[in-house]
Amino acid sequence: RSSVRSSVRSSVRSSVISSYLNRRLYGSCPKLPSLISRFFPHPLTTFPVFYPKLRGVVTTTFLSKLMPYHLPLFHSILHTLNPFTPTPKHLALQNHVMSEAIDLPDGSQVSLVWPPCSPPFMPGDTLVLVLPGMNNSSETGFVRCLQQTLTLHLTSSLGHVHVCILDYRLTGTSLNLKSSPTSPHPSCADGWKDLSTVISHINFHYSSPPIHLIGQSLGGGMTLKYLGSSPPPPNIISATCVSPPVDYTLVSSHLENGFVSRLCNFIMTVPCKISLLFHSSTRSAVSGKNKLWEAMTCTTVRGFESAVLVSLLDYDSPEDYHRQNSPLTSIDNINVDTLIVQAEDDPIVPPPMAIENGRLGVVVVDFGGHLGFFDFMGWSWADRVVVEHVGMRIRNWEGGGRG
């Protein structure tokens, strides 16, 4: 009996160690960050070893330690389970940021959020634009943490890098702009269409600086769709996407398969419903189409898309909404060096299949969950990969290379 227990322990140990060292690389994106070969996940995010979805949920749940809207009791439980994860509470409380409004053609507004006490933008400086994920903004802790990490490391090593966050329609600082939006259009997957206006605004006001795009989750999907739909301006140097959905139809079916996925699916609808209640223009438009009750009682993201996005934005169905905005239909057209980082145990977004675009590198690790990627010290390994990748591209650009 003891020999059986020892053999089980050794097999589990060897499985964990081999998973720690297992990296799968698709594509031929050159000069990948060296950090990709040095990821040792936090022990508390590696169990249960043989149930990847539940393991991914545990990892993703730790992100709530960096949320501004976490419950105090839930936060204390997480801190007890994972005391090694740093909790920069000041990130959620720090609201002294500088926001810059951008008017969109339909009357809505988005905003660029700059760090506090940001120095003036000078000719020749580099811009890093962060695109948050679904239900996130510049007011989300881990998004602000990424901005501060990029600012700290890139500014100290290069000295002329500015990092700003894009707050989409009716999110973050976009809600506090002086002029009220005249469009009920909410923030959703077709936000990639607004990026052309945002990039044009940046090029006009900041003399077309070198731009590096960073997308988290849905922000990564919008980044890929924008880069593949039409040739981007030549001053967009690179892109880094963490846990991006590449095939929205596949993600939708993935979220409806199995108890853990359905639970994640339901949880994702809660902030969507809260946002709908607080945005009077969108709520009135949905009520005018007699879809408000359907939106508030739905249990899946697809149900919310059917009640709100399909009815407001004139899509034929959720499938039509997914098809028109999915990066999968245009990802082969991307001609900007792009790095995609994914986890095999992501409970929300399944890893993409092999991509044959030579400008894309896709790295898949076994542990990481959705946007988690906590290393053995409790820090975000993905954030460090982003910093290294962007820094590498900036140095290559300044050395006369293209991205």
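Start by selecting Pro245, which sits in the loop between strand 7 (236-242) and helix 8 (248-254); helices (H or I, at least four residues) and strands (E, at least two) are DSSP runs, numbered from the N terminus. You are looking at a predicted model, where local features need pLDDT of at least 70, side-chain atom pairs count only at pLDDT 80 or more, and totals for chains, interfaces and linings use all residues. Residues are numbered from 1 along each chain as its sequence is written, and side-chain values use heavy atoms, leaving out hydrogens and water.

Is Pro245 buried or exposed? Its relative accessibility is 6%, so Pro245 counts as buried (buried is under 20% relative accessible area, exposed over 50%, partly exposed in between, with a 1.4 Å probe and protein chains only). Beyond neighbours within four places in sequence, Pro245 is in contact (heavy atoms within 4.5 Å) with residues including Ser217, Leu218 and Val349.

Next, select Leu112, Leu129 and Leu166. These residues have the most contacts inside the largest nonpolar core, which has 36 residues. Such a core is a set of buried Ala, Val, Leu, Ile, Met, Phe, Trp, Tyr and Cys residues joined through side-chain atoms within 4.5 Å. Among the elements giving two or more residues to this core are strand 3 (109-114) and helix 6 (195-205).

Now go to Phe278, in helix 9 (residues 259-278). Phe278 counts as exposed because its relative accessibility is 67%.

Finish at helix 14 (residues 381-398), whose end C-alpha atoms are 26 Å apart. Trp381 and Ile394 are among the buried residues of helix 14.

Methods
The expected span of a helix is 1.5 Å times one less than its number of residues.
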